[in-house]
Amino acid sequence: MNEILRLSKPISWLDGIDPRTGVIIQPNHPEKGESIAGKILILPHSTGSTVGAYTFFKLVKVGKQPKKIILERPDSVTISAELAGIPVEVPMVREVHKLEVDAPEKFLRFLEKEASISGSKGFIKVNSVHISGVSYSTIGDAGLEFLEEVSKEGLLVKVKSTTNPTGMDLRRWREMGISEGYAEKQLRIVKALLSMGVEPTFTCTPYLVGNRPKKGEHVCWGESSAVAFANSVLGARTNREGGVKTIVAAMVGFTPKYGMHLEENRRPNLLVNLEVSLRGRTDFGALAYYIGSLAPKSVPRYEGIPKASEAELKSMGAAGAASGSIELFHIDRITPEATLPSKEGCERVRVGSNELKETKELLSTSGSVPDIVVIGCPHLSRDELVKAANLLEGRKVRIPFWLFTSREIFEKNKDLCRRIEKSGAKVLCDTCMVVCPLKDLGYNVVATDSAKAARYLHTFQGLEVVFERFESLVSFYATRS
Ligand code: F3S
């Protein structure tokens with residue numbers, strides 16, 4: 001008899017399931033400790049990282065995959081299980097659309113299945129793809145094998161395709177302490193991707209390095225923080241796509257038209273009254289993290305935020321997509337679609353200083369002195385590097401202090417990076433604190449100012465975390481010289 005497991009809450013595929021055993025490990029999940037292996041798994045939808053789609057390949061590799069997944073609400077990350085050979089269904093039978101373009105048959109059939117599961121209104125051509133699932137730490141051998149198979153077939157991307165961070169600085173990996181064995185696997189992933197014709201951006205901020213879609217443009221992006229930024233700050237249209245799916249979409253150039261591609265789904269369904277003023281990206285991140293936990297699949301509209309920098313907005317997007325699966329948020333008078341009428345029966349919540357304080361306390365799992373400070377989740381922009389250089393001017397760091405940015409921003413701002421490195425801090429590229437093997441490098445307690453990084457450093461890497469403002473981390477751990 002088929003055993004059924006019904007999840008009463010959404011699950012994060014990246015850090016909510018042990019890929020070696022199929023057991024649910026997501027903290028506070030009501031079904032924590034249950035195994036999904038061999039079961040018919042019914043779940044509301046997924047939350048968190050788009051890279052979680054590679055967990056299906058890992059589960060299949062060790063025979064711990066569910067027999068079938070029944071999704072109550074379609075989401076691209078979970079639908080990607082089909083590519084690993086796990087059947088995905090929705091309770092209702094939907095219309096089947098045919099996709100007739102010149103592309104590999106198996107990819108067309110997958111997109112047709114996704115369209116049918118999601119109740120899509122046909123397909124839409126996309127102007128760019130952002131590929132997530134590039135680090136060996138997140139996709140493992142199963143992901144590497146999938147990418148090498150696609151590469152061997154000689155397939156090339158059909159649209160502009162940028163790439164998410166790898167597991168190491170591709171030039172300074174030895175300085176980071178990365179092992180030869182890890183580097184060999186990571187370089188094979190990079191080689192496989194480059195053979196497909198992708199752009200070697202290796203950043204989660206493609207919108208800062210030439211892949212910046214305009215309002216109303218349809219794209220297909222993985223990397224949940226970039227998805228939230230594209231939808232919310234740029235007004236572009238993308239669903240939160242699973243890492244494997246982004247490879248498929250890059251080869252086909254089309255995606256099913258549902259979710260965030262349709263205006264009706266972009267209207268706010270949660271009004272957030274802010275009763276506290278926010279200071280810097282740590283506060284913006286904590287606010288969005290709180291809302292993501294409270295209403296994981298919502299489209300919130302924030303009221304009471306008088307201004308926000310692009311750095312603060314990208315922190316917000318990252319955090320709401322880490323605790324929940326928020327693909328789009330609006331801020332009155334700031335984001336381009338904030339005037340869209342809210343949905344009927346829209347709920348209202350208020351957030352004050354207590355909620356922010358509690359969220360920050362939740363994200364800080366340790367009161368100990370950290371072994372390392374890690375900044376740059378999402379990757380730092382030029383403006384943020386300027387701020388870092390000014391803060392670190394005339395100081396020497398007392399513990400390792402790593403800042404992460406994209407290769408392109410690093411290359412264009414070498415003088416700025418040199419100024420930062422004079423303090424003893426390092427500016428690293430092509431990777432980040434979450435997707436590099438920080439724990440294997442010997443660190444146990446990390447300090448960060450990013451809500452998204454705080455979450456995954458604890459749950460995905462198993463590290464203790466100090467969540468603090470960047471300014472405070474500089475004054476605590478970099479002394480005046
Ligand atoms: Fe980017 Fe890594 Fe954070 S990919 S959003 S810096 S977890």
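Mentor: The largest pocket has a volume of about 670 Å³. This is a predicted model, so local features need pLDDT of at least 70 and side-chain atom pairs pLDDT 80 or more, while totals for chains, interfaces and linings use all residues. Residues count from 1 along each chain as its sequence is written, and side-chain values use heavy atoms, with hydrogens and water left out.

Trainee: How do you know which residues line the largest pocket?

Mentor: A lining residue has an atom within 4 Å of a point. For the largest pocket, 26 residues line the space, and P19, R20, K58, S137 and F460 lie nearest its centre.

Trainee: Which helix gives the most to that lining?

Mentor: Helices are DSSP runs of H or I, at least four residues, numbered from the N terminus; strands are runs of E, at least two. Helix 4 gives the most, with five residues. Helix 1 (55–61) and helix 4 (136–152) each supply at least two.

Trainee: And the second largest pocket, what lines that one?

Mentor: Its space is about 580 Å³, lined by 18 residues, with Q26, P27, N28, Y289 and R455 nearest the centre. Helix 15 has the largest share, four residues.

Trainee: How do you know the classes in that lining?

Mentor: Ala, Val, Leu, Ile, Met, Phe, Trp, Tyr, Cys and Pro count as nonpolar, Asp, Glu, Lys and Arg as charged, and the others, Gly among them, as polar. That sorts the second largest pocket's lining into seven nonpolar, nine polar and two charged residues.

Trainee: Why are strand 3 and strand 5 called paired?

Mentor: Pairing needs at least two DSSP bridges between two strands. Strand 3 (residues 40–43) and strand 5 (residues 68–71) have four and run parallel, so they qualify. L41, for one, is bridged to I69.

Trainee: What order do the strands take in the sheet?

Mentor: The open sheet of four strands runs 1-3-5-6, with parallel pairing. Strand 1 (4–6) and strand 6 are the edges, each pairing on one side only.

How values were computed. 1 Å grid on protein atoms, 1.4 Å probe; cavity = no way out; pocket = protein on both sides within 12 Å on 5 of 7 lines; lining within 4 Å. Points joined across faces, edges and corners; volume = space filled by probe spheres on them.
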